[in-house]
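Look at the chain contact first, then at the local features.

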Amino acid sequence: MGLVVHQCGPALAIQDMGRFGHLATGMMRGGAADTKALHEGAALLDQSPDCAALEMVGTGGTFEATTDLCIALSGASMRTSLNGSPIVWNASHAMQAGDTLTIGPTLSGTYGYLHVSGGIDIDPIIASRAAHLTIGLGALVKPGDILPVGRLQDMANRCIPTDKRFEGGEVRIVPSAQTNRFPEHLRNRFEQTLFRRDPRANRQAIRLDFDSDGFSDPSGLSIVSEIVTPGDIQITGDGTPYILSIECQTTGGYPRIGTVIPSDFAKVVQTPAGHALRFRFISIAEARDIETRARADLQKIKTRITPLLRDPHEMKDLLSYNLISGAIAED
Amino acid sequence: MAHSDNSYPTISNVGLDGLLVTFAPSLSDDANRAALAFRAHIETLSWSEIQESASTLVSAFFRMDLVEHDPDAMKDKMAAELSAREWLDAPLPQGRRRWTIPATFETSAAPQLEEAAKLAGLDPHVAQKELCDHSLRVLTLGFAPGMPYSGYLPENWDIPRQSQLINVPAGALVVAVRQLIIFANPSPTGWRHVGQTAFQCFRPNTDTPVALRPGDEVRLTDVSKAELDRISATDLSGNGGADWELI
């Protein structure tokens, strides 16, 4: 009971918040690249953000409902239709048994999410449903798979406004373990440089492209491998920055110039290849203020939900809708 | 491997994810022991701010929410524990395990034993005996879940990594820079392939996905390739014929 995958792109996998608490064994948390999108999808379906969703890169696929269910779409927007009629992103929609959902190429951003009512209900491994392919957990979704639906409920036709995290832009970073080992002139030049997200990016790291000289710290080669965290910006031996992502290894031996603040991490992972990124150091105190406000906003995420107003131009068969009954009932 | 650099230990933040305590600027056995002992000490205090901890080669990490908890206050709290004693001299924590892991060194399963032995200035048979005679400590787990970096082998094993990468199978024993690794998965590596075990570092579908812990001792015991094949074929636990005792 759920969604049957008829055909799909090459990079679809089930994700949730990942696996915390295993750093000592060498396991990074993994999970959804854009956890803001998990919160948005969960708010749309009025369920826990711990529910598993389908993460899609590049393109989605064709999915058929085997039962009546509700879906929500969040993260990087993708061209999407239900039984051939376009439907909007950042919204929830009802599907009836036999309906076909078609999710096409990405329109903006990198990671799109398909949520189902109750979450995708596969068996957890090590207390999570997240695929972590580099360590052999889970698998890519393929044609013929069935995504089991956890719970049936009616939360269709709701939408949520989203932010501007899908086109690159300014990213705030805080000083971290080795920031002071980079001379001030290198740190300044790092802030002044307009970077581009290199196409070489995955769930482990995102390479940054730039036109100037590299950013090597002369003492860099002497660092003993130590714990790293997603959002850390490593400078490799040739001076190229890589932003570590959610499936990075637990330890790293390259010096890190700074760490992306949690609130801007979704922007980093969603920035499409070729789009510009610029970094700005902020103090730890300022970052704590920003994160405190962001958490308060997340607590209130459900207040941002509004009814989905349908555009009459997109309604295929206008006469089949009963457009005036509500107006009369109000009188 | 003693050192004297009084700017250490250092305490620094890792983003807003926690505090890192580093005991030495370069690889050293006493700094690894200090990291193990200090992490174990902090764990016994059960601070509510700490979500998890880990130790790596020369440092210990304490994950905590530095949005909620003031990093400067937490650094002061950590510094007070650090100054309570000389951690480089601290005894290793209790409750560790000593593992005895069967390994074969027959040439077909140890393609670079001879080359590594030569670099270590030894005859292959003596090299194999040295690898088995030394009880090594799991310095840290990393690269892949459950994969042990263990050390330290004698000074003559301070052999460099090779620039040419080779592919090794799961359970492969590889050496470089006085350390020995059991590989978790088939992987390319720049370390030299000197033997083979049937030990599974990561067993995700079991109650104990990772059997080894940092600080555990590892001793290899020489078996024939036929015996290792027999163990591989019959072992359901993932231990690959290994036994352990508490130390």
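A salt bridge is a side-chain nitrogen of Lys or Arg within 4 Å of a carboxyl oxygen of Asp or Glu. By that criterion, chain A and chain B share three salt bridges. The model is predicted. Over all chains, the whole structure holds 31 salt bridges.

**Extent of the interface**

- The size of an interface is often given as the accessible area lost when the parts come together.
- Here chain A and chain B bury about 2800 Å² between them. Carbon and sulfur atoms account for 63% of that area.
- Three residues stand out on the chain A side: Ala24(A), Val224(A) and Arg288(A). They supply 21% of the area that chain A buries against chain B, more than any other three residues.

**Charged and polar pairs across the interface**

- Arg295(A) pairs with Asp65(B) in a salt bridge, with the closest N and O atoms 2.7 Å apart.
- Arg29(A) and Asp17(B) also form a salt bridge, at 3.9 Å from N to O.
- That pair crosses between chains. Asp17(B) sits in the loop between E1 and strand E2 (18-22) of chain B. Arg29(A) sits in the loop between strand E2 (12-15) and helix H1 (35-44) of chain A.
- Between chain A and chain B, 12 residue pairs are in polar contact, with both residues at pLDDT 80 or more.

**What chain A presents to chain B**

**Helix packing in chain B**

- Helix H1 (residues 29-45) and helix H2 (residues 71-82) of chain B have axes that come within 11 Å. The axes cross at roughly 115°.
- The crossing of H1(B) and H2(B) is right-handed.
- From H1(B), the residues in this contact are Phe38(B), His41(B), Ile42(B) and Leu45(B). From H2(B), they are Met78(B), Glu81(B) and Leu82(B).
- The contact of H1(B) with H2(B) has five nonpolar residues, one polar and one charged.

**Backbone exceptions**

- Most residues other than glycine have a negative phi, and most peptide bonds are trans.
- The peptide bond from Tyr8(B) to Pro9(B) is cis, with omega near 0°. Pro9(B) lies in the segment before strand E1 (10-13) of chain B.
- Gly151(B) and Tyr152(B) are also joined by a cis peptide bond, with omega about 0°. Tyr152(B) is in the loop between strand E7 (148-151) and strand E8 (166-168) of chain B.
- Asn83(A) is not a glycine, yet has a positive phi of about 50°. Asn83(A) lies in the loop between strand E6 (78-82) and strand E7 (85-86) of chain A.

Technical notes. Residues numbered from 1 in each chain as written. Chains lettered and ligands numbered in written order. Predicted model: local features only at pLDDT ≥ 70, side-chain atom pairs only at ≥ 80, totals over all residues. Heavy atoms only, no water. Buried area = accessible area lost by both parts, 1.4 Å probe. Polar contact = N/O pair within 3.5 Å; in protein donor to acceptor, adjacent residues only side chain to side chain. Axes fitted to C-alpha atoms, helices over the stretch in contact; angles between N-to-C directions. Helix = DSSP H or I, 4+ residues; strand = E, 2+ residues; numbered from the N terminus. Left-handed = near helix turned anticlockwise from the far one by under 90°. Contact = heavy atoms within 4.5 Å. Nonpolar A, V, L, I, M, F, W, Y, C, P; charged D, E, K, R; others polar.
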